[in-house]
Amino acid sequence: MVVGPSVGIRKGFAHSRVNLQKGIETVTFRGQLRRPSPRLLCTATKQKNNGQSLEEDMGHNEQKTEPPSTDKNLLEEKVKLEEQLRDTMEKYKRALADTENVRQRSQKLVEEAKLYGIQGFCKDLLEVADILEKATQSVPEEEIQDDNPHLKSLYEGLVLTEAQIQKVFTKHGLLRLDPLGAKFDPYEHEALFHTPVEGKEPGTVALVSKVGYKLHGRTLRPALVGVVKEA
């Protein structure tokens, strides 16, 4: 059997070996090294470029996916900072309100101390005023005559002293309470007894046993009174 040249060429190509490394194709034909063809070089270059482009595209995609994650973190951080700011502002406002309340209370205490700091001293002086009042009331009017000049002078001196001490009381905000005939007020009066009295309205003061006093509108000592009740 005669083998034609085409069969021999096919067998020769059967022994050929193709190596593709770094984009270069090497063909060995019957032990001979042949240079790669331009077509194969173009194909290898395109494949290499396509691989680089694919890697670059993947890198770009990764970079594109990173910003949303960064924006999300920034947004979360912004929300946290806004919450902290709100909490800080609320605490600041509460601190300001507390400070203002403390300031107002302190100012009120100082003013009250100025107004009522003398109430202990005033209470002691009230006993002196009561004694002077009783002393003037205990002198009979018929005994105050020109034929008894010593008693008359003593009486007039007591009356002047009592008037002067009442002026001093008024100057410092201490007012005398003599509620005879007035409506009974439990904040200013202290009822010692209740009794029916003809011609008097029930609930009014019929008798003042001891006058009271108020210091700058605050009852320092209630008046001791007897109150009219219904018959």
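Visitor: Where is Gly-181 placed?
Guide: In this predicted model, Gly-181 lies in the loop between strand E4 (174–177) and strand E5 (189–196).

Visitor: What does Gly-181 touch, leaving out residues up to four places away in sequence?
Guide: Gly-181 touches Thr-204 and Val-205. The C-alpha atoms of Gly-181 and Thr-204 are separated by 5.8 Å, with the two residues 23 apart along the chain.

Visitor: Back to E4. Which sheet order has E4 in it?
Guide: The order is E4-E7-E8, an open sheet of three strands with antiparallel pairing. E4 and strand E8 (218–221) are the edge strands, each pairing on one side only. From one strand to the next, the twist averages 35°.

Visitor: How many bridges between E7 and E8?
Guide: Three, in the antiparallel sense, with E7 covering residues 212–215. The bridge partner of Tyr-213 is Arg-221 in E8.

Visitor: And which helices pack on that sheet?
Guide: Helix H3 (residues 119–137) touches E4, E7 and E8, and its direction makes about 55° with that of E8. Helix H4 (residues 149–171) packs there too, touching E4 and E7, with its direction at about 120° to that of E4.

Visitor: Whole chain now. What is the secondary structure count?
Guide: Four helices and nine strands. Along the sequence the pattern reads α-β-β-β-α-α-α-β-β-β-β-β-β.

Visitor: How many residues, and what percentage count as buried?
Guide: The chain has 231 residues, and 18% count as buried. The accessible surface comes to about 18000 Å², and 56% of that belongs to carbon and sulfur atoms.

Visitor: What about contacts between residues 24 or more positions apart?
Guide: They account for 58% of the contacts with a separation of 6 or more.

Key:
Residues numbered from 1 in each chain as written. Predicted model: local features only at pLDDT ≥ 70, side-chain atom pairs only at ≥ 80, totals over all residues. Heavy atoms only, no water. Helix = DSSP H or I, 4+ residues; strand = E, 2+ residues; numbered from the N terminus. Buried < 20%, exposed > 50% of the residue type's maximum accessible area, 1.4 Å probe, protein only. Contact = heavy atoms within 4.5 Å. Areas by Shrake-Rupley, 256 points an atom, 1.4 Å probe, with all protein chains shown as cover. Pairing = 2+ DSSP bridges. Axes fitted to C-alpha atoms, helices over the stretch in contact; angles between N-to-C directions.
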